[in-house]
Amino acid sequence: MSGEPQRSDIVAMLATYGERRPEQVPETISSLELAWLLHQIEQRYGELDIDDDMFVRMSTVTGAVEVLRDLNVGGSG
Amino acid sequence: MTGGAYPRLEPEWVDEVLLSGADDQECLHLGEPITRARLRELVTERQSVLSGAGLRLGGSVALCLPPSVSFIANLLATWRIGAQASLLDHRLTPYEVNGALQRLLPQVVVSAERSTAAPLRGFAEVTESVRTYQGGPAGTSHAVIQLSSGSTGPSKIIARDAGNLVEEIQRYTQIDGVPRAGERIVCLASMVHVLGLVGGLLYGLHAGVSLTIPARMTADGILSAVGADARPTTLLGVPFHIELLAAVPEPPKFPQLTGMTTGGELVRGDVYTTFTDRYGVRLGNMYGMTEVGVIATDLFGRNRPAVLPAPGLSVREEAGELLVSLPESPYIGIKDPGRWSDGWLHTKDAGRVDSRTGLVTILGRLDSQVSVGGLKVDLTEVEQTLATLPGVAGAVVVHDSAIEAYLMLDGGTELSAIESQITVRLAGYKRPRMLHVVGQLPRTATGKLVRDRAVLRSTGPAAPAANGAESDRPG
């Protein structure tokens, strides 16, 4: 996986928890799923420095995409 | 009704059973070590505040606090005063908390005026709000009150007295494989629910096992907490934590890690194997209920998937349901022989008991309760909450990998309005993760709502709204 994680990438990473199909992944992200997602993201992109406010924003798939974009995850430079 | 099965314990039980030990012994670690002497000081301080708010022997207090030193100190202070503590999960919405308080009617309510609680934080720093409430003294001599899934409507008030708690703590001391004095528990389980409360906090305090809560409930955060100390360490959590830790491809070696124990549903076989291989430790299982605490265990994984009843408890099977011995009904306000009768509690778990070995195998749930991340949620209560919302003509709630709801809406009702109401009335972990708006809820020939997920999935959506709003949205 290269480049910025897209929405579909986030959904795919969330789907690996519980071996779900992408369409079974809800828009909201529970706290357990967030821990799972963080682990998946850090496996692919390395350790991230995410603060409490960012975790709050990552309560939805849309929010997660935005936070990772703000952190320039997978971006150039 | 006062507790007749157990001797009434004087408040000194807190000092004798939970707080005794060397002053300099570390008993907790929430970001920093806390010695017994320091915990006693904190408890004494909280006693003074609670007494100032009017709490006395036989009084009642509701605690609505995140995992924190504050929660622990207030709970022990309440018991040291000889009052009754009702535990409310801090994730409940204000609506749910108000509903619970109106049922429980405590004299004092302790909640967090400010806290550092945030997603994935294991514990918080709390500034408490202590206020009086228009309740009265405890109606019974029970020490702790908890509400079953759901804090309003048909949820049950579950009560345990101090004697019952002490008996459970002593039961733990006799189970082979529990952590021993001088060791550590890294506790990932909620301390407001029985696994973390008794299996973690109360047993740890009694047995001289230091209880650590990781600062961050991430894979890294948990493993850092394990590796931070060389003392023999047990992890206590729920199956999700096993899945998370098993997904770490090359975890560090932890010679101090003696094993992990989970409560709740059984871990899947492939996850069990991956975890035990990667960490080189045993993975144990604990089966219990809020009403009783620990019922049966398999801490070495020798009997997987079966569990052995804890010392002093009996488990039997009747008409496919597991019953556990309990001298008195744990419920306040209801007399339901379908729940407890003649010294036996109905678990509502299907199962069987091997008459030769006594091993218990749990086969599934007989009612509508599901486990969401280790927390019990009754789908019937979620469904009733949805079905009674203004604008909802009907609702069916099902559970597959997550809680989902199928809704029939009154004409002109916006789904967003329903979503807002759900956010007010249900804590996050109880909310449907997906909402499907359908034109008609399918019914059987006799008119009953169909709950078959395949049938529901194939039910047609509602006709498109005039403004083109979506009829199928994630919750």
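The model is predicted.

**Chain A: overall form**

- The order of elements along the sequence of chain A is α-α-α-α.
- Chain A has a radius of gyration of 11 Å, which agrees with the value near 11 Å for a compact globule of 77 residues.
- Along the principal axes, the C-alpha atoms of chain A occupy a box of roughly 35 × 25 × 20 Å.
- Of the 77 residues in chain A, 35% are buried.
- Among contacts in chain A with a separation of 6 or more, 59% are between residues 24 or more positions apart.

**Chain A: helix 1 and helix 4**

- Helix 1 of chain A covers residues 7–15 and helix 4 of chain A covers residues 61–70; the two pack at an angle of about 115 degrees.
- The axes of these two helices are 9 Å apart, and their crossing is right-handed.
- Helix 1 of chain A contributes A:Arg7, A:Ile10 and A:Val11 to the contact, and helix 4 of chain A contributes A:Val61, A:Ala64 and A:Val65.
- By residue class, this contact has 5 nonpolar residues, no polar ones and 1 charged.

**Chain B: overall form**

- For 475 residues the globule rule gives 23 Å, and the radius of gyration of chain B is 23 Å, so chain B is as compact as a globular protein of that length.
- The box filled by the C-alpha atoms of chain B is roughly 70 × 55 × 45 Å along the principal axes.
- Buried residues account for 48% of the 475 residues in chain B.
- In chain B, 64% of the contacts with a separation of 6 or more join residues 24 or more positions apart.

**Chain B: two domains**

- The domain assignment divides chain B into domain 1 (12–315) and domain 2 (372–474).
- The C-alpha centres of domain 1 of chain B and domain 2 of chain B are 33 Å apart.
- Where these domains touch, 15 residues come from domain 1 of chain B and 13 residues from domain 2 of chain B.
- The side of domain 1 of chain B in this contact consists of 6 nonpolar, 6 polar and 3 charged residues.

**Contact of chain A with chain B**

- The contact of the two chains involves 18 residues from chain A and 19 residues from chain B.
- Helix 8 (residues 239–246) of chain B supplies the largest share of the chain B side, with 3 residues.
- The chain B side is made up of 12 nonpolar, 5 polar and 2 charged residues.

**Chain B: loop residues with backbone features**

- The peptide bond joining B:Arg304 and B:Pro305 is cis, with omega about 5 degrees.
- B:Pro305 sits in the loop between strand 14 (293–298) and strand 15 (308–309) of chain B.
- B:Leu105 is not a glycine, yet its phi is positive, at about 50 degrees.
- The location of B:Leu105 is the loop between helix 4 (94–104) and strand 5 (108–115) of chain B.
- B:Ala319 belongs to the loop between strand 16 (315–318) and strand 17 (321–325) of chain B.
- Because B:Ala319 has 7 other C-beta atoms within 10 Å, B:Ala319 is exposed.

**Chain B: Trp344**

- B:Trp344 is in strand 20 (residues 344–353) of chain B.
- B:Trp344 counts as partly exposed because it has 17 C-beta neighbours inside 10 Å.
- Apart from its neighbours within four places in sequence, B:Trp344 is in contact with B:Leu323, B:Ser325 and B:Leu326.
- Between B:Trp344 and B:Gln102 there are 30 Å in space, C-alpha to C-alpha, and the two are 242 residues apart in sequence.

Technical notes
Residues are numbered from 1 along each chain as its sequence is written. Chains are lettered from A and ligands numbered from 1 in the order in which they are written. This is a predicted model: local features need pLDDT of at least 70, side-chain atom pairs count only at pLDDT 80 or more; totals for chains, interfaces and linings use all residues. Helices (H or I, at least four residues) and strands (E, at least two) are DSSP runs, numbered from the N terminus. The radius of gyration is taken over C-alpha atoms; the globule rule is 2.2 Å times the number of residues to the power 0.38. A residue is buried if 20 or more other C-beta atoms lie within 10 Å of its own, exposed if 12 or fewer, and partly exposed in between; C-beta atoms are placed from the backbone. Two residues are in contact if their C-beta atoms, placed from the backbone, lie within 7 Å. Domain bounds come from an automatic or database domain assignment. Ala, Val, Leu, Ile, Met, Phe, Trp, Tyr, Cys and Pro count as nonpolar, Asp, Glu, Lys and Arg as charged, and the others, Gly among them, as polar. Axes are lines fitted to C-alpha atoms, for helices over the stretch in contact, and angles run from 0 to 180 degrees between N-to-C directions. A crossing is left-handed if the near helix is turned anticlockwise from the far one by less than a right angle, and right-handed if clockwise.
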